[in-house]
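Please look at the sequence and the structure below.

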Amino acid sequence: MINTYQTSLAPPPVPPRCNRSHPVLIPAPLPSKGHSKPLIRFLVGVVVLHLLLSLGGFIYLYHNEKMEKHSSAEGRAAPVSLDKQDTSYKALAHMVVDQQSITAKKHLLGYLQWDINHSLRRNINYYQSSWLTILQPGDYYVYSRVTFSKGDPVRPLVSRVKLRKNETGKETIVMQAYCSLDSSSESAPRLCTATQGGLITLEKGNQVSVWVKDPLLVDYDEGATTFGMYKL
């Protein structure tokens, strides 16, 4: 016969097995304030560098866009400036007759004398105050206006534009104009003007002048007698 005993005591604890390991927690020391300062400085430096790079990129883009607009504006304005430059350097001349040449007896050969100091010349030279010398070859519009204050009882009044290749070249008539004036009336003097103009192809060194039969019949008042040309 087996006797059964009951007790209220807890059973004894089971000893731990040798082959199982338990984690051991070791508290880590908190970082001190002295060790966190370099990290904060590094982060601040990165942020400042990023801001500087962003600002530099913005300035570069703005400057580059401004330069492109300026270059395009200059490109559009370049043809106009070139045209103006070409126009300002084109050869031209507007000659005013020398009012003193009639008293100085410089009219013996019939070529009108021009007042060089009061005339307009650009890229055109002169020779002996009578001839204009071409420096730039090309097509020129040549004109002359000769006003006569006295008539010729024998022949009509004529003015001629003459051309020669150089100072010693043979002279040729390229244009001429006529006008008539009644010389019988002394109480009421009359005037007539011989006007001419035309396109002439000229070479470098060519010389052009205006010739009249008798320069004593020419009106030497200001603006009455002129001669000139301009390159097309």
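The text below describes selected features of this model.

This is a predicted model, in which local features need pLDDT of at least 70, side-chain atom pairs count only at pLDDT 80 or more, and totals for chains, interfaces and linings use all residues. Residues are numbered from 1 along each chain as its sequence is written, and side-chain values use heavy atoms, with hydrogens and water left out.

**Strand 1 and its partners**

Helices (H or I, at least four residues) and strands (E, at least two) are DSSP runs, numbered from the N terminus. Two strands pair if DSSP finds at least two bridges between them. Strand 1, residues 92–96, pairs in the antiparallel sense with strand 2 (residues 120–122) over 3 bridges. Ala93 has Arg121 of strand 2 as its bridge partner. Strand 1 also pairs in the antiparallel sense with strand 10 (residues 226–231), over 5 bridges, and here His94 stands opposite Gly228.

In a regular strand the side chains alternate between the two faces of the sheet. On strand 1, Ala93 and Met95 make up the covered face, while Leu92, His94 and Val96 belong to the uncovered one.

**The nonpolar core**

A nonpolar core is a set of buried Ala, Val, Leu, Ile, Met, Phe, Trp, Tyr and Cys residues joined through side-chain atoms within 4.5 Å. Buried means under 20% relative accessible area, exposed over 50%, and partly exposed in between (1.4 Å probe, protein chains only). The largest nonpolar core has 33 residues, of which Val142, Phe148, Phe227 and Met229 touch the most other members. At least two residues of this core come from each of strand 1, strand 4 (131–134), strand 5 (138–148), strand 6 (157–164), strand 7 (172–179), strand 8, strand 9 and strand 10. Contact means heavy atoms within 4.5 Å. Not counting residues up to four places away in sequence, Val142 touches residues including Val161, Met175, Ile200, Val208, Phe227 and Met229.

**Rings**

Rings of Phe, Tyr and Trp (its six-membered ring) pair if their centres lie within 6.5 Å; planes under 30 degrees apart count as stacked, over 60 as edge-to-face and the rest as tilted. By this rule there are 3 aromatic pairs. One of them, Tyr141 with Tyr230, is tilted, at 5.6 Å centre to centre and 35° between the planes. Tyr141 lies in strand 5 and Tyr230 in strand 10, so the pair ties together parts that are 89 residues apart in sequence. Tyr141 is partly exposed at 30% relative accessibility, and Tyr230 is partly exposed at 37%.

A charge sits over a ring if NZ of Lys or CZ of Arg is within 6 Å of the ring centre and within 35 degrees of the ring normal.

| Charged residue | Ring | Distance to ring centre |
|---|---|---|
| Lys162 | Trp211 | 4.6 Å |
| Arg164 | Trp131 | 3.8 Å |

Thr225 lies in the loop between strand 9 and strand 10 and is buried, with a relative accessible area of 0%. Its side chain reaches the backbone nitrogen of Thr147 at 3.4 Å, and a polar atom of the Thr225 side chain lies 3.0 Å from the backbone oxygen of Asp219. Thr225 and Thr147 are 78 residues apart in sequence and 5.6 Å apart in space, C-alpha to C-alpha.

Asn206 is in the loop between strand 8 (192–202) and strand 9 (207–212). Asn206 counts as buried at 8% relative accessibility, and its side chain reaches the backbone nitrogen of Glu203 at 2.8 Å.

Notes: A polar contact is a pair of N or O atoms within 3.5 Å; within protein, one must be able to donate a hydrogen and the other to accept it, and residues adjacent in sequence count only if both atoms are side-chain atoms.
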